[in-house]
Amino acid sequence: MPVPSSPPTVATAAARRPARTAARAPLGPGTLLWRHAADLRSLLPGAAAGLMQLMHPGIGAGVTEHSAFFDAPFDRIHRSVPQIWATILAPDGTARARTIRDLHRAIGGVDERARRYHALEPETFWWAHATFTWEIFKAAETFHPGTLTAEDHEQMYAETVTWYSRYGVSMRPVPADYAAFQSKFWHVCTRTLELTPAAARALEIAKHGSDTVTLLPVGGARLDRAGRLVIERPLRLITFGCLPQVVRDRFDIPWSPLDQARFAALALANRQGYRMMPTGLNHWALRSMLRYIGAQTRQNRYQPAA
């Protein structure tokens, strides 16, 4: 989902209208959201989504104070993503979502600027989910060969509303439709996000790498070093390439015309390459990877997304 570099024209008009309840749509096997979330490509913008989470003041503070983020920044991702994706794909998705919600109850405090925060504050919790919603739309529009129609956007967005309702939290922050979601997402990117200590650390790793953190969740130090040589540069390209332009501009994230050309070539390679992968194999690979990572990290206490 591209985030515009200037305010959407619908923003002012929408602000003058009474708030509307976001429409929901059935969510299950065969629906648009289920199909896209079950695709390996849904994870490709994940690092960019995680970075935008850390830029939210409440989420950044929670991660800093209630996790071992600075010692093992990728562990949070490895533990969280299998659980988050299960809230869409697993038969007991609603129960999984309620468990994640309850793990956030004790996450609160005062940040480094003396601002109070809590993970279940409605706008804070919504932003964590909004980045995942953005991630799936971004993957569909960037790494899939087809294009989503206007009707597809509205249908899949309504399914993400159903997804969010599974957490059993306030629905008040949820935009009524896809256009309103785009407008609110842009507003948060331009007005709310900031370079929290956690975001600054993540950006440093993304820009320059780090020999002191584990990139891969399994396989030990030797495999991690080998994997770093293979995936570190493409991961940096995908992370910065998927970020909205307004976020790159606000936080001085380096991005050149050559970077853009390389990112476009990488996205094209993904679109062409996945044509040769059977859908069943694609879905099986994602489920197997999430189960394996989840099993390998289960001995550590689950760290929620916020």
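Modeller: Begin with Glu194. This is a predicted model. Glu194 has a relative accessible area of 16%. Buried means under 20%, so Glu194 counts as buried.

Biologist: Which residue forms a salt bridge with Glu194?

Modeller: Look for a side-chain nitrogen of Lys or Arg within 4 Å of a carboxyl oxygen. Here the partner is Arg115. The closest N and O atoms of Arg115 and Glu194 are 2.7 Å apart.

Biologist: Where do Arg115 and Glu194 lie?

Modeller: Both sit in loops. Arg115 is in the loop between strand S1 (108-110) and strand S2 (116-118). Glu194 is in the loop between helix H9 (178-192) and helix H10 (197-208). The pair therefore ties together parts that are 79 residues apart in sequence.

Biologist: Which residues are joined with Arg115 and Glu194 into one network?

Modeller: Follow the shared partners. Salt bridges link Asp111, Arg113, Arg115 and Glu194 into one network. One of these bridges joins Asp111 to Arg115, at 2.7 Å from N to O.

Biologist: Is Asp111 buried or exposed? And what about Arg115?

Modeller: Read the relative accessibility. Asp111 is at 9%, so it counts as buried. Arg115 has a relative accessible area of 27%, which means partly exposed.

Biologist: How many salt bridges are there by this rule?

Modeller: The count is nine. Another pair to inspect is Arg41 with Asp39. Their closest N and O atoms are 2.8 Å apart. Arg41 and Asp39 are both buried.

Biologist: Now a tryptophan. Where is Trp126, and is it buried or exposed?

Modeller: Trp126 belongs to helix H7 (residues 122-143). Its relative accessible area is 2%, so Trp126 is buried.

Biologist: Which residues is Trp126 in contact with, leaving aside neighbours within four places in sequence?

Modeller: Trp126 touches Tyr164, Pro173, Val174, Pro175, Phe181, Lys184 and Val188. Take Tyr164 as a case. Tyr164 and Trp126 are 38 residues apart along the chain. Their C-alpha atoms are separated by 8.3 Å.

Biologist: How do I read the sides of a helix?

Modeller: An α-helix has 3.6 residues a turn, so residues three or four places apart point the same way. Take helix H4 (residues 57-66), which is mostly covered.

Biologist: How many of the 10 residues in H4 are buried?

Modeller: Seven are buried. They are Pro57, Gly58, Ile59, Gly60, Ala61, Gly62 and Val63.

Definitions and conventions: Residues are numbered from 1 along each chain as its sequence is written. This is a predicted model: local features need pLDDT of at least 70, side-chain atom pairs count only at pLDDT 80 or more; totals for chains, interfaces and linings use all residues. Side-chain values use heavy atoms; hydrogens and water are left out. Buried means under 20% relative accessible area, exposed over 50%, partly exposed in between (1.4 Å probe, protein chains only). Helices (H or I, at least four residues) and strands (E, at least two) are DSSP runs, numbered from the N terminus. Contact means heavy atoms within 4.5 Å.
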